[in-house]
Amino acid sequence: EGEVREAFQRASERLHASLFLFEPSAHLDQAGASITEEALRALYDAHPEEFRLPAQMTIEYVGAFRQELDEQQVARALTALALDLAEDVAAKRSFDEIAASRALTIRSAGPFPVEGPFGLDGPDPALLEATATLQEGQMTGVVETDAGVFLGRVTTRIAPRLACSGAMWRQ
């Protein structure tokens with residue numbers, strides 16, 4: 001119960017929300033307004049950094065989540081898996097070999113901004129941090145977190161780029 005409470009508090013401490021109340025009828029005149037391609041292009045050209053998408057990556061990961069294991073065997077199972085994975089990494093086995101030999105499901109996630117913030121729905125932030133400096137195809141060492149034990153591999157890196165509207169791509 002204490003672990004659940006701590007996990008909830010950690011997740012809750014990261015959440016921030018803003019609420020804006022307004023009267024929709026006060027903005028009806030703007031609802032019919034349209035922006036021209038020229039105005040959009042001028043805005044884009046004047047403020048390109050505001051349209052920049054950060055570097056992103058996608059990852060695959062294997063491991064065991066604490067919540068997926070038998071409650072009374074959690075510590076022993078995670079320790080055994082961490083030792084097995086460390087042995088596999090030291091033996092320079094590939095990510096796919098490790099996943100297959102340990103009967104671990106390969107999960108995919110992303111794209112995520114390389115430098116965060118990381119969403120609450122994705123893999124553990126510690127796993128994302130461990131993959132942040134890796135090149136495409138590289139694998140992490142064993143990553144032990146409060147959530148479980150994992151290995152990660154970067155599958156795609158996307159360089160920072162300027163976002164463009166469909167009309168701008170056509171030009």
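Asp70 belongs to a patch of negative charge on the surface, together with Glu3, Glu6 and Glu71. Keep in mind that this is a predicted model.

Now the overall picture. The protein chain has 171 residues, and 25% of them count as buried. There are 7 helices and 6 strands. In sequence order they run α-α-α-β-β-α-α-β-α-β-β-β-α. The accessible surface is about 11,700 Å², and carbon and sulfur atoms account for 54% of that. If you take contacts between residues at least 6 apart in sequence, 67% of them join residues at least 24 apart.

Next, the salt bridges. How many are there? The count is 5.

Take Arg153 and Glu60. They form a salt bridge, and their closest N and O atoms are 2.4 Å apart. Arg153 is in strand β5 (residues 148–158) and Glu60 is in strand β2, so this pair links distant parts of the chain, 93 residues apart. Are these two buried or exposed? Arg153 has a relative accessible area of 15%, so it counts as buried, because the cut-off is under 20%. Glu60, at 18%, is buried too.

Arg153 also leads us to Asp96. Asp96 is part of helix α5 (residues 95–101). Apart from its neighbours within four places in sequence, Asp96 is in contact with Ile106 and Arg153. Asp96 and Arg153 are 57 residues apart along the chain, and their C-alpha atoms are separated by 9.9 Å. Asp96 has 42% relative accessibility, so it counts as partly exposed.

Which residues does the salt-bridge network link? Asp84, Asp88, Arg93 and Arg102. Asp84 is in helix α4, while Arg102 is in the loop between α5 and β3 (107–113), so the bridge ties together parts that are 18 residues apart in sequence. Asp84 is partly exposed at 28% relative accessibility, and Arg102 is partly exposed at 27%.

Arg102 also meets Asp88 in a salt bridge, at 2.9 Å from N to O. Asp88 lies in helix α4 as well, so here the parts tied together are 14 residues apart in sequence. Asp88 has a relative accessible area of 2%, so it is buried.

That is where I will stop.

Notes. Residues numbered from 1 in each chain as written. Predicted model: local features only at pLDDT ≥ 70, side-chain atom pairs only at ≥ 80, totals over all residues. Heavy atoms only, no water. Patch = residues over 30% accessible without salt bridge, like charges linked within 9 Å, V, L, I, M, F, W, Y side chains within 5 Å. Areas by Shrake-Rupley, 256 points an atom, 1.4 Å probe, with all protein chains shown as cover. Salt bridge = Lys/Arg side-chain N within 4 Å of Asp/Glu carboxyl O. Lys, Arg positive; Asp, Glu negative; His and termini not counted. Charge placed at Lys NZ, Arg CZ, Asp CG, Glu CD. Helix = DSSP H or I, 4+ residues; strand = E, 2+ residues; numbered from the N terminus. Buried < 20%, exposed > 50% of the residue type's maximum accessible area, 1.4 Å probe, protein only. Contact = heavy atoms within 4.5 Å.
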